[in-house]
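Please open the model in your viewer and keep the selection tool at hand. The tour below goes from one selection to the next and says what is found at each stop.

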Amino acid sequence: MPPAIRRYLALATKEVQQLRRNRVLLIQLLLPPTVVLIIFGFALNPKVRDLRLGIVDESLTAQSRNFVDALTENVNFEVTRRFLNSKQAEDAMKNLDLDLFVVIPADFAVTLGRAETANVQVVIDAVDANTAQIAQGYMRSSLDDYNATGGASSNVAFRARRTLARSTHPSAPPGAPDVYPAYLYNPGLVTAWYYVSGLMSVIMFINASLVASALAVKEKETGTIEQLLMTPAQTGEMLLAKTSPVFVLMMVVLFAALGAATLVFGLPVRGALWLFTVAGAFAALAGIGIGVMIATVSRSQQQAQLLTFFVNPPLTMLSGATSPIENMPAIFQKLSYIDPLRYMVTIVRGVTLKNAPWEALWPNLAALAGFAIVLFAISAVRFRKI
Amino acid sequence: MKKIWAQAMKEFKLFRRDKLLIMLAVLMPVVMMYLAGSTASLRLRNIPLVVYDYDNTPLSRTYLETYGASLSFRIVPRDPKESPEQALASWRGRAALIIPQNFERDTRRGGSPIVQLLIDASDSNAATALGNYAQALNSSFAQKNAVSRAMPRLVSMSQRLWYNPGLSNPIYFGTGAMGLMLLLFPALLGALATAREYEVGTIIQAYASSLTAVQWILGKALLYVAIGIVNLVICFTLGLLIFDYRFPSDPSVLLVSTLLYLMAGVFFGMMMGNSTGSQSAAIQGVQMCAFLLSLLLSGYLFAIRNIPPQIRWLSSFLPATYYIQIVRNSILRDVGWSTSLMPVVALALLAFGYFFLNVIQMRKMQFKG
């Protein structure tokens, strides 16, 4: 056996034993990522449901009640209260008891009787722009339905053409072209798939950087780094021995996360698992590289952990794991290219959800590999200097 | 009172010496708030759309034009050999529009030709929105080009969007981000300061001194609440500059609740420091509970009622839930005490609860004087 490998094995054994004795760290490492991922999957749900609708019916006629019935047929509205005048509804909205309310004017029935267009007012609390937009859509769709059926009470055949929960717009009028959306890769529109597939690698990456920095700085803190430097081992061997147990652990974490995602949320794995593994390995390397780099500039574990606070949140936010990169301001879109996590998130989604072709995935894999190698090399150079 | 002040001064001297901490306390909130406020956006724009026009008539081109003119879609060139599935699988388009042959002829005959839109639904939320946009565009095409018989409109609707007429996303996330920042950093500083006493062993001196538990805790907390107020000023200024904050007409609600919130955060951090006794563990605890849980469950991203009830109860123990609501009430809705009273009371209860837990933890070790 060549001496280099022997030395590496000896050092790696030492690291494994140290890690094994540190039961708290092991539990900290293996349990939370999966739990966090599951909470994420359940908690992040942008679907808007049960909008609290208030109704101010100043007309109080059969026609206005018919109109209200047509509106509230939409399952997403929940009529909480009826008001006598709009002032009361405004107050209720200010007290956050309502999400939106409709004002039906006193001359509603009269106007309809003259075959003119009656005008109703809709007031929406728009602080949450996304919810407001969706509420607006639901409202418009109900209204269009009402108009399309000529104010007749529910026409089931017409409504059956669309699922109420999903569509916020009415089908095209008869005779006109119609557009049929087909949802590829996630036909059931499971929200959790998007977040879980994005966040599993982010969580692994953050853990890798935290643990690697903690382990690397620990020797410095306790002063045992001098003893290590005096051994015949090269710095490269030392760094490899130090990081390989972490690396193995991180791969376990990543696969545990993938397992949890498939079991709990039914996330499909449609592409090649080896690609996921290779990309995961590069991402773990990049994470470890960042962790060791942080360790080399900090003097104590506490400092190292605080520094990871500077580094990790921006990497997470720019990775596109929680909000699509296309929606960000242009400057952040450009910045996201220097975020290794961006490539990892793309590959994970490509492999699990899309079964993306190799031509589309390899540039991402190459970029990720580039980042892993550069980060790890820098950390090796810096590690030598301590 | 004097003892509390002395304890606070001691903390301040310790804090002043740690450059990294000062940087963390002052610089980080700004950077993170900017990032968190502006990267989180659910508005879709310029979604690449691959187009397969098998009809290629004036009407089909007009139909495409409707999509091209909208802000949500951007028509991208396509490779003639590539199938729509391939284009979507390799991220060249997020959606593919397929117009069938005889589109124009069928439309003129009133035959309702069906156009297909394939959407990449890996982001299911965006996919739903895209489907809806497409249907809206389709209706507007039908109306503009008079290809359908005119519908008698019985009822029209006028809309008013209160508080945020431009439907701007940064306003919403910017206010939430301030809430997160004002929790994370004070809690972190409190946790570090407390855990350090245990690590260095100076906690024994605190036990042995004539300070009571309450005095020790208040003295420590005083400094970090003060730093939190500095953070508030910084974050609020940033909000005014970038996120279109408005000055509330009754700032007293915001001020009182910020004080309570900062206290809740600092006490929570100190509790973490007390119970773990090590700085690294305290940092992780704060990161996990104060940051991650608040990020997910406080209504910062998505409304709390969307969270499944099994874990929804957790959010009522998070100070951020109430504070973010109050911030949005004051800054965006500009409503006063009558609306925000309940959340303020809840905040006060939480702050007192965490304080009480601290006192219990300290009492256990304190000598009876």
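Start in chain B of this predicted model by selecting helix α10(B) and helix α13(B) together, and look along the pair until you see that α10(B) passes α13(B) in a left-handed crossing. The selection to type is residues 251-276 of chain B for α10 and residues 319-333 of chain B for α13, whose axes come within 10 Å and cross at roughly 160°. Since angles over 145 degrees count as roughly antiparallel, α10(B) and α13(B) are therefore roughly antiparallel to each other.

Next, show the side chains where these helices meet. On the α10(B) side, select B:Val253, B:Leu254, B:Ser257, B:Tyr261, B:Ala264 and B:Gly265, which meet B:Pro319, B:Tyr323, B:Ile326, B:Val327 and B:Ser330 of α13(B). If you colour this contact by residue class, you will find 8 nonpolar and 3 polar residues, with no charged residues in it.

Now zoom out to the whole of chain B and colour by domain: the domain assignment gives domain 1 as 2-40 + 167-363, and domain 2 as 47-144. The centres of domain 1 and domain 2 of chain B, taken over C-alpha atoms, are separated by 48 Å.

Finally, turn to chain A and switch to a cartoon view, in which 15 helices and 5 strands make up the secondary structure. For the 386 residues of chain A the globule rule gives 21 Å, whereas the radius of gyration is 29 Å, well over that value, so chain A is more spread out than a compact globule. With the C-alpha trace of chain A displayed along its principal axes, the span is about 100 × 45 × 35 Å.

Terms used: Residues are numbered from 1 along each chain as its sequence is written. Chains are lettered from A and ligands numbered from 1 in the order in which they are written. This is a predicted model: local features need pLDDT of at least 70, side-chain atom pairs count only at pLDDT 80 or more; totals for chains, interfaces and linings use all residues. Axes are lines fitted to C-alpha atoms, for helices over the stretch in contact, and angles run from 0 to 180 degrees between N-to-C directions. Helices (H or I, at least four residues) and strands (E, at least two) are DSSP runs, numbered from the N terminus. Angles under 35 degrees count as roughly parallel, over 145 as roughly antiparallel, 65 to 115 as roughly perpendicular and the rest as oblique. A crossing is left-handed if the near helix is turned anticlockwise from the far one by less than a right angle, and right-handed if clockwise. Two residues are in contact if their C-beta atoms, placed from the backbone, lie within 7 Å. Ala, Val, Leu, Ile, Met, Phe, Trp, Tyr, Cys and Pro count as nonpolar, Asp, Glu, Lys and Arg as charged, and the others, Gly among them, as polar. Domain bounds come from an automatic or database domain assignment. The radius of gyration is taken over C-alpha atoms; the globule rule is 2.2 Å times the number of residues to the power 0.38.
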